[in-house]
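Please look over the chain below, with an eye to its charged pairs and its helices. A short report follows.

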Amino acid sequence: MRHIERDGKLTSAASKAGISYRHAWNQLNKWAEFFGLPLAELEKGRGARLTQLGEKLLWAEKRVIARLEPQLDNITSELNIELSRLLEGSRPSLRLHASHGYAVELLPRFTEGFDLDLQYKQGQDALAAMARDQCDIAGFHLPVSAISAEMLGWIEKLLKPRAHRIIRFITRQQGLMVKPGNPLAIQGLTDLCRDDVRFINRETGSGTRSLLEELMRRSGLDSASCLDSTGTEFTHSAVAAHVAAGMADTGFGVQAAASQFGLDFIPLAQERYLLACHQRALEMPAMQTLLETFRGERFRQAVDALPGYDSTHCGELITLDELLLDS
């Protein structure tokens, strides 16, 4: 159904799905009989289009994939590591626990010569895991401005100036995702308090939700009363899918998610995605290879192709004191 939505032709959709036209036609009829309503309509000379039921089923699939993406990627990473060990013997490896994001998602495609054990966790949990020696690198994010005392508090608690180093990764744009054409004329944070605006929030404890709450506090808005009845999702793409499916009017997240689901975007804040590691981890050959990847043209081009992402300082090493001073 994804290909029918995109191409508007059953012949093209069947080809891209790797099945015959007849099989695609039979599948549509099978599920139309199951649901009692057609999933797609075919008109001679006008191609194919999804019915309202077909569109709802497709959006349900997109929402499920967006919501489960981090968990599925975690399982895939674990399986790949185990298969690599069985088939190729022991190879150098790096354990990366990181907040989920579009740029981090690219890393497995660019790692060569070592295994990357990538596990998605909230930034604070990733740093705590590194403190317990459960990972070599921890990924977290901080706003370029609008940093709250709470954010700085857990960073100073979990990272030590003499023991840890910070790797600059990327900068990304955060803001409000709205339906194409912005039918409710949403302009900024004050609109989240309107009775006619349905907002989908991120889960409690996520860095994105903390940033939103800090931005609202600085604007004199009470996030507790404005957002108290909203639902929650666990990734940027899940928030975007929620809005795109018409289940909410707006959500807060990265521009890349809005672009992925064809939404308009209202930029509100820039955010730095950072990686922390122990000083001794920098001596690991796999770490040196990873830093070379960050600084390489191929990886930077892939990051810069993501809407709202900037790789300008990717791979630069700084101290914790320099990070806090810059904040």
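This is a predicted model: local features need pLDDT of at least 70, side-chain atom pairs count only at pLDDT 80 or more; totals for chains, interfaces and linings use all residues.

Aspartate 133 has 47% relative accessibility, so it counts as partly exposed. Arginine 95 has a relative accessible area of 26%, and it too is partly exposed.

## A buried pair between strands

Which residue forms a salt bridge with glutamate 271? The partner is arginine 172, and the closest N and O atoms are 2.8 Å apart. Glutamate 271 lies in strand S10 (residues 264–278), while arginine 172 lies in strand S6 (residues 164–178). The pair therefore ties together parts of the chain that are 99 residues apart in sequence.

Is glutamate 271 buried or exposed? Its relative accessible area is 1%, so glutamate 271 is buried. Arginine 172 also has 1% relative accessibility and therefore counts as buried. The cut-off for buried is under 20%.

## A pair within helix H8

Arginine 209 forms a salt bridge with glutamate 213. Their closest N and O atoms are 3.1 Å apart. Both residues lie in helix H8 (residues 207–218). They are 4 residues apart, about one turn of the helix. An α-helix has 3.6 residues a turn, so residues three or four places apart point the same way.

The two ends fall into separate accessibility classes. Arginine 209, at 18% relative accessibility, counts as buried. Glutamate 213 has a relative accessible area of 30%, so it is partly exposed.

## Network and total

Salt bridges with shared partners also build a network. Its members are Arg95, Asp133 and Asp136. Across the whole structure, the search finds 12 salt bridges. Side chains of opposite charge can pair when their charged atoms come close.

## Helix H10

How many of the 9 residues of helix H10 (residues 236–244) are buried? The count is 8, so the helix is mostly covered. The buried set includes the histidines His236 and His242. Ser237, Ala238, Val239, Ala240, Ala241 and Val243 are buried as well. Just after H10 comes glycine 246, with a positive phi of about 80 degrees.

## Helices H12 and H13

Helix H12 (residues 285–295) and helix H13 (residues 297–304) have axes that come within 5 Å. The axes cross at roughly 55 degrees, which makes H12 oblique to H13. On the H12 side, the contact is made by Thr293, Phe294 and Arg295. On the H13 side, Glu297, Phe299 and Arg300 take part. The residues of this contact divide into 3 charged, 2 nonpolar and 1 polar.

## The chain as a whole

The protein chain has 14 helices and 12 strands. Of its 327 residues, 48% are buried. Among contacts with a separation of 6 or more, 71% are between residues 24 or more positions apart. The accessible surface comes to about 16400 Å². Carbon and sulfur atoms account for 50% of that surface.

How values were computed
Residues are numbered from 1 along each chain as its sequence is written. Side-chain values use heavy atoms; hydrogens and water are left out. A salt bridge is a side-chain nitrogen of Lys or Arg within 4 Å of a carboxyl oxygen of Asp or Glu. Buried means under 20% relative accessible area, exposed over 50%, partly exposed in between (1.4 Å probe, protein chains only). Helices (H or I, at least four residues) and strands (E, at least two) are DSSP runs, numbered from the N terminus. Contact means heavy atoms within 4.5 Å. Accessible areas come from the Shrake-Rupley method with a 1.4 Å probe; for residues, only the protein chains shown count as cover. Axes are lines fitted to C-alpha atoms, for helices over the stretch in contact, and angles run from 0 to 180 degrees between N-to-C directions. Angles under 35 degrees count as roughly parallel, over 145 as roughly antiparallel, 65 to 115 as roughly perpendicular and the rest as oblique. Ala, Val, Leu, Ile, Met, Phe, Trp, Tyr, Cys and Pro count as nonpolar, Asp, Glu, Lys and Arg as charged, and the others, Gly among them, as polar.
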